[in-house]
Amino acid sequence: MCGIVGYTGPREAYPVIIKGLKRLEYRGYDSTGVALQNGGLKVYKKKGKVAELEEAVVGTNLHANVGIGHTRWATHGEPSDRNAHPHQSSSGKLAMIHNGIIENYAQLKNELVRKGYTFASDTDTEVLLNFIEEIKSNNECSLEEAVRIALKRVVGAYVILLMDEDEPGTIIAARKGSPLVIGVGKGEHFLGSDASPMLEYTKEVVYVNDYELAIVRPDELILKNLGNEKVTPYIQKLDIDLAAIEKNGYEHFMLKEIFEQPQTIYDCLRGRLDADAGTITMSGIQQYADQIIKANRIVMIACGTSWHAGLVAEYIFEELCRINVEVEYASEFRYRNPVISEGDVIIAISQSGETADTLVAIETAKSKGAIILGVVNAVGSSIARISHGGAYTHAGPEIGVASTKAFTAQLAVLTMIALKIAQIKGSVSNERYMHLLRELNDIPEKVAEVLKTAPAIEKLANKYKDASDFLYLGRGYNFPVALEGALKLKEISYIHAEGYPAAEMKHGPIALVDETLPVVFVATRDAYHEKVVSNMQEIKARKGKVVSVITAGDEHSRDLSDDVMEIPRSG
Ligand code: BG6
């Protein structure tokens, strides 16, 4: 992932772009660059975070009213000054930034090398840029025309923003598979990977669709498809508050988002769950209830943390709805030739609604007749738009790269969907249904209680911070939660961690257990609890350190553990 920003209008472009890039650093932060147009094109770029570029350009004249900027997460070519975006074409007249991957770049590069092109970086982006320049000079056409011709040859995913020295004030943008939002101001336009760079200037935005090309000038926004036909821009009014994308005193966005969970889960349930009346209202699901109930199977498709939410939902759906559920990594699903029958129901789970693998996987399933339901956080995102129905998670913008509040909101939505379907189908007794509704309704309060124990959890983190490996174990619903715990530790602490079903431990991983290995048990009181307790005993017998997440009052598990984190009883 990379973050892209563009501006054209009466303001100074540089501060708008820099501020926007800082908001998008969650998408990548290994190098940063800005191209400004003031007469000619000037490019400033540097390995490292946005702040490092800011320092490097102190004292430079950065005056310009149009510019593009990029914050990178390297795919082609190591993070370095030369691989940072924007790239300039061979002639120096074009500058371009790119988010995505050009899969056939090697073939395009060979063609260009044969024509005498040389390259200043190792990136696929510079290849595409020179390919565009070659078409422009060969056909003596406008940049817009050259981009359109070039993109017909491109295999892969992209959002590109280009500036041409010969077209002052104009930014050409195009997308396929990566997100692009254009903010519409008075006599000015903003471009971004999401709406955060433009929120303080305008709430009116256009989400650009795949295979669309935008010609953006201060007072003009023209959208076209790759067939050169004009498309009417659909302007949406955003309902996001600027405070939602600020840190509000927290050291990191991730911490802020963890602490937001009582509110975000409440927001997700609000207006849908009425525990007293015993109702769940989800119109985007209800209209497909018949098809869901009759479906041979439900396939959940997602990546990363969202995939873990799908795994938890598999247990919930199968238990409550008695419908066969399969959970697929989108990246695997899209590249095989999956067997999809008409009437299969796909639930696509995604925080951003823009994850390329998930998007392509559901496009494939949709083309084969499946019904697509999106469980998506980002309103108006690509996955939300191509789904037939579904439900938003309403967790607000998640800026932290490692997903937290989106995960719990996904679980809340998926649980509500399962309960709704189970009630319509009659696969759950009324008594259990009412009980589960009340339990779900109480979750925000219980999460708030758990968050009060943060100082004790911090102490535990300090105690175990030097371990080089961790094992996370759980059974049933808690197995995917263990996977998610291990993923978070890897992603955030750079400590190797494995998640396992607790019973699988004896089939190999137990060989790793000794006094240096902390083993985190997700061991709340549920149907599998006794079994998990015996797994704890196995770890103790091998002198492993048992760190358990237990239900408050579970003295037996407490006695078996070296350390515990308590959570309130639920379910
Ligand atoms: C990864 C993030 O890049 O994408 C994960 O690090 C996230 O936190 C995953 O779960 C999938 O993203 P999304 O937006 O489709 O849920």
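Reader: How many aromatic pairs does the count come to?
Author: In this predicted model, the count comes to 7 aromatic pairs. One of them joins tyrosine 7 and phenylalanine 190, a tilted pair with 5.1 Å centre to centre and 50° between the planes.

Reader: Which parts of the chain does that pair link?
Author: Tyrosine 7 belongs to strand 1 (residues 3-8) and phenylalanine 190 to strand 10 (residues 189-192), so the pair links distant parts of the chain, 183 residues apart.

Reader: Is tyrosine 7 buried or exposed, and what about phenylalanine 190?
Author: Tyrosine 7 is buried, at 0% relative accessible area. Phenylalanine 190 also counts as buried, at 2%. Ring pairs connect Tyr7, Phe190 and Tyr201 into a cluster.

Reader: Why is the pair of tyrosine 29 and tryptophan 73 tilted?
Author: The planes of the two rings stand at 55°, with the centres 5.1 Å apart, so the pair of tyrosine 29 and tryptophan 73 counts as tilted. Tyrosine 29 is partly exposed at 32%, and tryptophan 73 is partly exposed at 40%.

Reader: Turning to the helices, at what angle do helix 10 and helix 18 pack?
Author: Helix 10 (residues 304-321) and helix 18 (residues 478-493) pack at about 170°, and their axes are 8 Å apart. Helix 10 is therefore roughly antiparallel to helix 18. Their crossing is left-handed.

Reader: Which residues meet there?
Author: Among them are Trp307, Leu311 and Tyr315 in helix 10, and Phe479, Leu483 and Leu487 in helix 18. The residues of this contact divide into 9 nonpolar, 3 polar and 2 charged.

Methods
Residues numbered from 1 in each chain as written. Predicted model: local features only at pLDDT ≥ 70, side-chain atom pairs only at ≥ 80, totals over all residues. Heavy atoms only, no water. Axes fitted to C-alpha atoms, helices over the stretch in contact; angles between N-to-C directions. Helix = DSSP H or I, 4+ residues; strand = E, 2+ residues; numbered from the N terminus. Parallel < 35°, antiparallel > 145°, perpendicular 65-115°, else oblique. Left-handed = near helix turned anticlockwise from the far one by under 90°. Contact = heavy atoms within 4.5 Å. Nonpolar A, V, L, I, M, F, W, Y, C, P; charged D, E, K, R; others polar. Phe/Tyr/Trp six-rings, centres within 6.5 Å; stacked < 30°, edge-to-face > 60°. Buried < 20%, exposed > 50% of the residue type's maximum accessible area, 1.4 Å probe, protein only.
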